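Subject: Structure handover

Hello,

Here is the structure for your set-up work. My notes come after it.

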Amino acid sequence: MSRTTIIPIGPQHPAFLEPLNVSLELKEERVVGATLNLGYNHRGMEHALSLDYKKSQYLVERVCGICSNHHSAAYCQTVEAIYGVEVPERARIIRTITMECQRITSHLLALGHIAEVVGYENLFMQCFRERELVMRLVNEITGNRVHYSTNVIGGVKRDIDAAMERRIEDVMSDLRPRLEELHAIFSRDSTFVKRTKGIGKLTREQAIDWCVVGPVARASGVAQDVREDGFAAYDRVRLRPVVREEGDCYARTMVRMDECLRSVDLIEECLPLLKEGSVVLSVKGHPSGEGISRVEAPRGELMYYVKAIGKLQLDRVKIRTPAFVNVPAVQAMLPGARLADVPVITVSLDPCICCTDR
Amino acid sequence: MSEGNGGKPHQDIRGMAYQMRASGARLITIVGVDRGDGTIELIYLFDRNGDVEDRRFVVEAEEEVDSISDIYAGATNMERENMDLLGMRFKGLEPGLLLVPGKSVKAPLRKRSEEGT
């Protein structure tokens, strides 16, 4: 009879970009149990964000370097809801464009990462080559590559002029065939398909039980996408959420790949909507009251709760990041898997420990 | 967002969670807010058919609260986070998700009497 062995994976492991620990219970090569340990990157962000609501519109981007713009958009939306102000339409469209740019960069990072753990290093390089196009574009639009610092309470700091509109159009035209090429590789490459199809399954019922969101939920047949709420300018564009039923590593990868192409569509749809107008409105006085707002970040629903008390300090800031609910679901995916598939399954969740621990 | 239930006693938490789960609602998160009077407001946020709904309960900061982690597996870490950051207790769960008990600062999101906020 085989003995049970405990193997710790992480917090430092070549497959993980950030520190997390999965304690695996193994019988020979099969995983029979998994426990997730977090907290290696806890920085007390919720406390720090409550100290000064004005500074927090910039600090909030430091929660995560991959979905930073979504954090500031969600935070600003929440404070704007407390003030009861409507952001100018032009600013809402610019926010939508930058959020979709960031979805592409985040998904290409996740796609590159899974290609790497599958053992396909040149595919990783190709993902990052295409990603760089958008990173440079975002740098031109906002002045920054990672922490855009463009969202402020009441709108955005930088406008998009006619030349920049053309530049965005050109980059999207250039990017689309490159993404289609990547799509063909991810969907048809026999090695990649063998390493991901039927691996790390999360059923629809498990997805609801573990409260997962974003591409992880949509790959398990849960058709939820917060963009359908119509925040920013999502009520002005044609949303077609990508939903698959398989619930495996392949489905999660292909949802992200398809979403990259949908993001290009959305950005192209946004450009003609830009009409003359201001991009920011000023708000007066300190906010007072309670607000809840959410955006669809690349990893899924990102929710902010803010309780303001008419002072510079806030009574409470609560962030429910998508990774906080997605990452623990690895405990439902791992039992029954082979040890060699553990990195692929974990990375297929697109784990962000900065967001999870905060 | 819905009106919620105005802070019912915490004994109703599990009944509420069963009802929400049966209705197909997804648990978004559990927000704990220190009210500064020795009590904590627990705000359970759900997504039901695309709408955000809240259910609110006021509990004594030191009392043991019913866990809903067997109703929603995803609630486990939400409750453990409140244990670490607000020093709360949930039945059958241990702290130590984000902080190290006995080593990290204790309940950093609890209001201290000398602080205004």
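Below is what was found in the structure.

This is a predicted model: local features need pLDDT of at least 70, side-chain atom pairs count only at pLDDT 80 or more, and totals for chains, interfaces and linings use all residues. Residues are numbered from 1 along each chain as its sequence is written, and chains are lettered from A and ligands numbered from 1 in the order in which they are written.

Chain A first. Chain A holds 14 helices and eight strands (DSSP runs numbered from the N terminus: helices are H or I, at least four residues; strands are E, at least two). Its C-alpha atoms fill a box of roughly 70 × 45 × 30 Å along the principal axes. Of the 358 residues in chain A, 55% are buried (20 or more other C-beta atoms, placed from the backbone, within 10 Å of a residue's own; exposed means 12 or fewer, partly exposed in between).

Next, the interface. 19 residues of chain B are in contact with 26 residues of chain A (C-beta atoms, placed from the backbone, within 7 Å). Strand S1 (residues 26-34) of chain B gives the most to the side that touches chain A, with six residues.

Now the backbone. Most residues other than glycine have a negative phi, and most peptide bonds are trans. The bond from Gly10(A) to Pro11(A) is cis, with omega near 10 degrees. Pro11(A) sits in the loop between strands S1 (4-9) and S2 (21-27) of chain A. Glu28(A) has a positive phi, near 55 degrees. Glu28(A) is exposed, with 11 other C-beta atoms within 10 Å.

Best wishes

Note on methods:
Two residues are in contact if their C-beta atoms, placed from the backbone, lie within 7 Å.
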